[in-house]
Structures are given as structure tokens and as C-alpha cells.
Amino acid sequence: MYVGRDMTELSMMSKKEWTDKELAYFHRNLQQVVPYLNAEGVTIHMEIVKEIMSRGSMSQEDEASYEHGSRVHFE
């Protein structure tokens with residue numbers, strides 16, 4: 001379960017201030033409802049994707065191992 005700031009609080013902040021877990025969580029949720037998003041929702045989702053890309057896609061520098069995976073887990 002996601003425990004963190006909600007979209008109301010985050011919408012008042014720059015995407016650069018969001019944590020990796022917040023970006024991953026809201027990207028996944030918006031990705032699931034893309035066909036139903038209005039123009040504002042699409043813009044927010046694109047901003048999230050751009051921030052993820054600017055951080056290097058949030059992938060681990062090393063290969064995945066038994067100690068850590070290759071993705072950010074927000075749950």
C-alpha cells in the first residue's frame with residue numbers, strides 16, 4: 001500500500017521535489033487510466049514521465065541481484 005503525499009499536496013510542488021517512489025506510484029496509476037485522462041491529466045502524466053527520464057529512468061546502476069531489484073518499489 002502506498003503511504004505518502006497525495007496528489008493534492010504534490011500538485012503544488014515541482015516534480016523535481018517528488019521522491020522516486022511518488023513518481024513511480026503516480027506514473028503507474030496514471031498509466032492505467034490513460035484512455036480516460038483529460039488534457040490536464042495527460043499533461044501531468046507527461047511531466048511525471050519527463051522527470052523519471054531526467055533521473056535516468058530510476059533504474060539501478062547495477063544489475064538486479066538478490067539484494068535489490070531493478071525497479072523502484074513503492075508498495
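The legends below accompany several close-up views of one predicted protein model.

Residues are numbered from 1 along each chain as its sequence is written, and side-chain values use heavy atoms, with hydrogens and water left out. Because the model is predicted, local features need pLDDT of at least 70 and side-chain atom pairs count only at pLDDT 80 or more, whereas totals for chains, interfaces and linings use all residues.

**View 1. The protein as a whole, with its three helices.** The protein contains three helices and zero strands, and from the N terminus on its elements run α-α-α; helices (H or I, at least four residues) and strands (E, at least two) are DSSP runs, numbered from the N terminus. Of the 75 residues of the protein, 23% count as buried, where buried means under 20% relative accessible area, exposed means over 50%, and partly exposed lies in between (1.4 Å probe, protein chains only). The protein exposes about 5700 Å², of which carbon and sulfur atoms supply 52%; accessible areas come from the Shrake-Rupley method with a 1.4 Å probe, and for residues only the protein chains shown count as cover. Among contacts between residues at least 6 apart in sequence, 49% join residues at least 24 apart, a contact being heavy atoms within 4.5 Å.

**View 2. Helix α2 and its buried residues.** At 1.5 Å a residue, the 13 residues of α2 should span 18 Å, and the end C-alpha atoms of α2 are 18 Å apart, which agrees; the expected span of a helix is 1.5 Å times one less than its number of residues. The buried residues of this helix are Glu22, Leu23, Ala24, Phe26 and Leu30, and they pack against α1 (7–10) and α3. Ala24, found in helix α2, counts as buried at 12% relative accessibility. Although Ala24 and Val49 are 25 residues apart in sequence, they are 9.2 Å apart in space, C-alpha to C-alpha.

**View 3. Glu22 and the residues around it.** Glu22 has its place in helix α2 (residues 20–32) and is buried, with a relative accessible area of 5%. The side chains of Glu22 and Arg5 are joined by a polar contact of 2.7 Å; a polar contact is a pair of N or O atoms within 3.5 Å, and within protein one must be able to donate a hydrogen and the other to accept it, while residues adjacent in sequence count only if both atoms are side-chain atoms. Leaving aside neighbours within four places in sequence, Glu22 is in contact with Tyr2, Arg5 and Leu10.

**View 4. The largest nonpolar core.** Nine residues make up this core, namely Tyr2, Leu10, Met13, Trp18, Leu23, Phe26, Leu30, Ile48 and Ile52. Helices α2 and α3 (39–54) each supply at least two residues of the core, and the largest share, three residues, comes from α2. A nonpolar core is a set of buried Ala, Val, Leu, Ile, Met, Phe, Trp, Tyr and Cys residues joined through side-chain atoms within 4.5 Å. Phe26, leaving aside its neighbours within four places in sequence, is in contact with Tyr2, Arg5, Asp6, Met7, Leu10, Trp18 and Ile48. In soluble globular proteins, nonpolar side chains tend to be buried together.

**View 5. The salt bridge between Lys15 and Glu47.** A search of the whole structure finds five salt bridges, a salt bridge being a side-chain nitrogen of Lys or Arg within 4 Å of a carboxyl oxygen of Asp or Glu. Lys15 forms one with Glu47, with the closest N and O atoms 3.1 Å apart. This pair links distant parts of the chain, since Lys15 is in the loop between α1 and α2 and Glu47 is in helix α3, 32 residues apart. Lys15 is buried, with a relative accessible area of 15%, whereas Glu47 is partly exposed, with a relative accessible area of 35%.

**View 6. A network of salt bridges that includes Arg55.** Lys16, Asp20, Glu51 and Arg55 are linked in this network. The side chains of Asp20 and Arg55 meet in a salt bridge (2.6 Å, N to O), and the pair links distant parts of the chain, with Asp20 in helix α2 and Arg55 in the segment after α3, 35 residues apart. Arg55 also forms a salt bridge with Glu51, the closest N and O atoms being 2.8 Å apart. Asp20 is partly exposed, with a relative accessible area of 32%, and Arg55 counts as partly exposed at 27% relative accessibility, whereas Glu51 counts as buried at 9%.
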